[in-house]
Structure formats: C-alpha cells, structure tokens
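I opened the notebook to look at one strand and its surroundings. The sequence and structure come first, then my entries.

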Amino acid sequence: MSIGQGRIIKTYNGYYYVDSGNGELVTCKVKGKLKQIRFSLCTGDMVEFETNHNGESMITRILPRRNFMLRPTIANVDLIIVAFACVNPDFSYLLADKLLVLAEQAGIPAIICLNKIDLAPSGFVEEVKAVYAKIGYEVFAVSAQEGTNIAALKERLYGKITVFAGPSGVGKSSTLNAIEPGMQLVTGSVSEKIGRGRHTTRFAHLLPFAGGYMADTPGFGNLNLEELDDKKLASCFREFAAFEQGCKFTPCTHTHEPVCGVKDALAAGEIAPSRYESYLTILEEIKSKKEKDGRK
C-alpha cells in the first residue's frame, strides 16, 4: 500500500484524475465514508490517496480548500478569466457582472478578456474598459483568430492556476489554444439561429501550463445567482464601498432608501449605470427565489 497526494485535474463518470506532481496522472475512486460527500469533490481539490498492490487508487482525504467557486465549479485557483466576445455572441454586462460577483464572493482575483476584437464595433473596447478598468479590473482585448495581444495575456497567466469562464461561443477554447497551441481543445461555432455558442467543453479540466494550470469550463446561456445572500450582494460590487458612508441607513439596500451614497454616486456618474442595473437585477433574482421558497 502506497500513499500519495495531488490535485484533481478532472472528474468524469465517478473517476477522479489526480496529478501527483511527479508527472504521473493517477485515476482514483472515492473510498468508504467519503462516498457520502463524493459529489462535493471538484476539479482543483487537493486530496490524499492510497494505491493498493493491484494498482487501484482510492481518495482517502480531501485537504482544506483555500477558495471555491460554484459556477464554474472549481477549487484552489489563483485567477478567474471572465471571458467574453465583443460580438457573435454580443457582450453582456449582466453576465459579466454575475461572474465578477461570483469571483468577489469567492475572494478570487478576476480579469476580463474580450475576444474577437478584430470584429468589434468602433469604440466598443474603450467603452467596456471605461466601466471596468475604473474600478480595478484588468481588461485584456484579444483576437484568438489573429493572435492579437495573446502574448500579453499569456505572460499574465504564467505560474498561476487560472480558470476561463464565460458564455458558450465567446472563444474560451480558441483563446486557450492560441495561448498554448499544444492543448488542441475542441472549438465550436455560434448558432446563427439562437445567437449562442455550441458547447464544446463538457467539464472543467485543468491543463498544465508554465508552472501552473489553465482550465477551460463549460459555457452557459444564463447564470442564476439565486443562492447568494442578498444582504452580502452589495459587497460584491467593489465600487459601492467608497460611497456607502453617505447612506443614512445601515444596512442599506441602495434601492428605495431616501438618503443613499451609492445612488448619489450613480446620479453623479461615479458608478456606471450598467453596474447598478446588474446589481438591481441580481438582487431581484435572489429575493424572488427567497420568496418562492418561503425564506426570510
């Protein structure tokens, strides 16, 4: 019996593929009592495993996580790439903000990657940067097809465990292929009928890259954040904090209150209208779900 430790880089059909750190990929199942929580195991988890004399390996212990993101489901990452296209499919401020909220909640740094800049309408990239760079998010504008700015993005990811997350069809797999051609990820096209991409990635899979890992993840058409705490949502919009001292009530929902520093900042142009609209939409989604479930 031998004992080892490593990182889950892929889960599939009840099997967990663990990078043991010595160039060996160990195929594991879950042992004993851990079977009760096997569905909590995810890509990125650090685990201990034991291998018997028949060469069968079983996960025996899950090591503590330093962070965890529910959508996409992944643990122990250094950086989240919020990946969108400039067009085809069109950029969605709401979906981008939802992913940034998940990153903020998990305490994981996030940057925005805009693909297909070769097709972008005039001024569009500057418009997006005006919203997000102002509040501290890096924005990388690239073209996976033409290789534009790929080198700068690649340098930013060196030595990190990075996950690409975004809607279907924005070019996540294509961007990863451009960064590291040897990955040879399957790419798909955008459906003209529905304006969304076809799913080409079926599960999160960490791929070794420059002393770290990169992960492509399944795309989506929408993203529900109904399980989030409505009272903590405002803290996930980082620009609100600078203006909350102007709120008369604590806590303040920044919606109906007569004296609100956040609403004043919005009126003064110091908070982007798209960000505030995203906040209101997400807040309503959370509250509607709570009411439906009979929760307070």
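In which sense do β9 and strand β10 pair, and over how many bridges? I looked this up in the model, which is predicted. The two strands pair in the parallel sense, over 3 bridges. I placed β10 at residues 139–141. Its Ala141 is the bridge partner of Leu114.

β9, helix α2 (residues 124–132) and β10 form a right-handed β-α-β unit.

Then I turned to strand β8, residues 79–85. β8 and β9 run parallel, joined by 6 bridges. Here I noted Val82, whose bridge partner in β9 is Ile112.

Is β9 itself mostly covered or open? I found 6 of its 6 residues, 110–115, buried. I went through the faces one by one. Ala110, Ile112 and Leu114 are buried on one side, and Ile111, Cys113 and Asn115 are buried on the other.

I moved on to the nonpolar cores. The largest has 57 residues, and Val82, Phe91, Leu114 and Tyr132 touch the most other members. Helix α1 gives this core its largest share, 9 residues. Apart from it I found another core, of 17 residues, including Leu79, Cys113, Ile179 and Phe209.

Last, I listed what Phe91 touches, leaving out residues up to four places away in sequence. The contacts are Phe84, Ala85, Cys86, Ala96, Leu114, Phe124, Val128 and Tyr132.

Terms used: Residues are numbered from 1 along each chain as its sequence is written. This is a predicted model: local features need pLDDT of at least 70, side-chain atom pairs count only at pLDDT 80 or more; totals for chains, interfaces and linings use all residues. Side-chain values use heavy atoms; hydrogens and water are left out. Buried means under 20% relative accessible area, exposed over 50%, partly exposed in between (1.4 Å probe, protein chains only). Helices (H or I, at least four residues) and strands (E, at least two) are DSSP runs, numbered from the N terminus. Two strands pair if DSSP finds at least two bridges between them. A crossover is right-handed if, with the strands pointing away from the viewer, the path from the first strand over the helix to the second runs clockwise. A nonpolar core is a set of buried Ala, Val, Leu, Ile, Met, Phe, Trp, Tyr and Cys residues joined through side-chain atoms within 4.5 Å. Contact means heavy atoms within 4.5 Å.
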